[in-house]
Structure formats: structure tokens, C-alpha cells
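I am opening my notebook to look up a few things in this model. Follow along with me and check each entry as we go.

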Amino acid sequence: MDKHSENFEKMKTQLHEQGYHEKDVTITTGKAMISGVFYALPFVLVFGLLYRFLLVDRAYLLEVSGFSFYILFIAMIAILTVIHELLHGAGWAVASGKGWNVVRFDINAMMPVCACKVALEKKSYLCGVLAPFIVLGSASVCFIFIYPGTVSFLAMIVNFISAGADLMIACNVLKERDVLIADHPEEAGYIAFYR
């Protein structure tokens, strides 16, 4: 058992001793990615159609194709993923009132990931989960209207698809009542602690 899982088990034990019961609301990372696409799809479709019918006439389309296009797209995904994870951390750091001490950054499958190390009230947990969707989603929409083109369109798609699993998790959290929410250290999702 690694250090993060050990700390998670200690937190669970402490909450059990305080009279909390747990409910596991996790799924595998693969299922979260697939489900997340469906949660993000309405945003991609709405803003994609707005782009196509209102903005494409004044769009700046890059003359990039083939291998160069893929390099650009991969670089964009890498940069936006780092920002996405930092926003999760910032949301939890601020909402918890405990700063960056409650946040853990790691690398999983060669991608950065962020997790909250403590159990939080529902609203505080949602702040961290939804921070990338709210900040990067809003910024993407503004960017696509201010500077429509290949880069802004791709950034919008990446930002909404990346936030899809977060939206799925947030929808599940909103169904919970009077709980503490703890990020699972390995799976996508959380453990709800209730009395």
C-alpha cells in the first residue's frame, strides 16, 4: 500500500471512529473518461454549432496539417491538462480554508493528477471539482468569440472534454445529503461519509 492510500485509510478510520459510515461512489478511470465525454458533449455541441454558424466566417484557420497539427494538438492538451489540475488544487485549497496542504499532485499514466487529501463538506468539494470547468470552460467560450479559429476551437473542445468526468462527479455529489466527501486516492470519484 502506498503512502497516499495509507493516509486515506487513516482518514477513513478516524471518520468511522467519529460515527461516520461510508458510501463508495467511484468508477474506473477508463469508465470515467468515457462517461465524461457524454457529460461534456452538450457543451461541445452547443458552442461548436455557434462557432460553425456565427463565427467561422471570421475565424483564423491555421495552415497546419499532418504531423505539425498533431504536435500542436498534443502540446495544447499537455498545457491545458496541467492548468486543469492546478485549478482543481486551487479550488480545494481556497474552499477548504487550509491552503495547499490539503492538495496532492501526482503523475498517473504520464498525466498530472490532483486529489484532495481531506474530507470536505459538499460545497467545498464541489468548488475544487468544478473549478476547471468554470474557469477554463468560460475562458474557452470567451476566447472563441473574441478570437475564433483553429486554436480557440481546439482549446474549447479539450477543456470541455477534460471537464466531463468532473461534471459527472459533481452531478453525483449534488445528490448527496449532509455528507463529507473524500477524493478516492486511486479511482475516479469519491467516498461519501455520512452519519
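Predicted model: local features only at pLDDT ≥ 70, side-chain atom pairs only at ≥ 80, totals over all residues.

Residues are numbered from 1 along each chain as its sequence is written, and side-chain values use heavy atoms, with hydrogens and water left out.

Phenylalanine 53 lies in helix H2 (helices, H or I with at least four residues, and strands, E with at least two, are DSSP runs numbered from the N terminus). I also found Phe53 in a nonpolar surface patch with Ile34, Phe38, Tyr39, Leu41, Leu45, Leu49, Leu54 and Phe145, about 940 Å² of accessible area together. A patch takes residues with over 30% relative accessible area and no salt bridge, joining like charges within 9 Å and nonpolar side chains (Val, Leu, Ile, Met, Phe, Trp, Tyr) within 5 Å. Accessible areas come from the Shrake-Rupley method with a 1.4 Å probe, and for residues only the protein chains shown count as cover. Which helix gives the largest share of the patch? I noted H2 (residues 29-55), with eight residues.

**H2 and H5.** Next I checked how H2 passes helix H5 (residues 150-162): their axes come within 8 Å and cross at roughly 160°. That makes H2 roughly antiparallel to H5 (over 145 degrees; under 35 is roughly parallel, 65 to 115 roughly perpendicular and the rest oblique). The axes are lines fitted to C-alpha atoms, for helices over the stretch in contact, with angles from 0 to 180 degrees between N-to-C directions.

**Salt bridges.** How many salt bridges does a search of the whole structure find? I wrote down four (a side-chain nitrogen of Lys or Arg within 4 Å of a carboxyl oxygen of Asp or Glu). One of them joins lysine 12 and glutamate 9, with the closest N and O atoms 3.8 Å apart. Both lie in helix H1 (residues 3-17), three residues apart, about one turn of the helix. Lysine 12 counts as buried at 14% relative accessibility, whereas glutamate 9 is partly exposed at 34%. Lysine 12 also pairs with glutamate 22, at 3.4 Å between the closest N and O atoms. Glutamate 22 sits in strand E1 (residues 21-27) and lysine 12 in H1, so this pair ties together parts 10 residues apart in sequence.

Definitions and conventions
Buried < 20%, exposed > 50% of the residue type's maximum accessible area, 1.4 Å probe, protein only.
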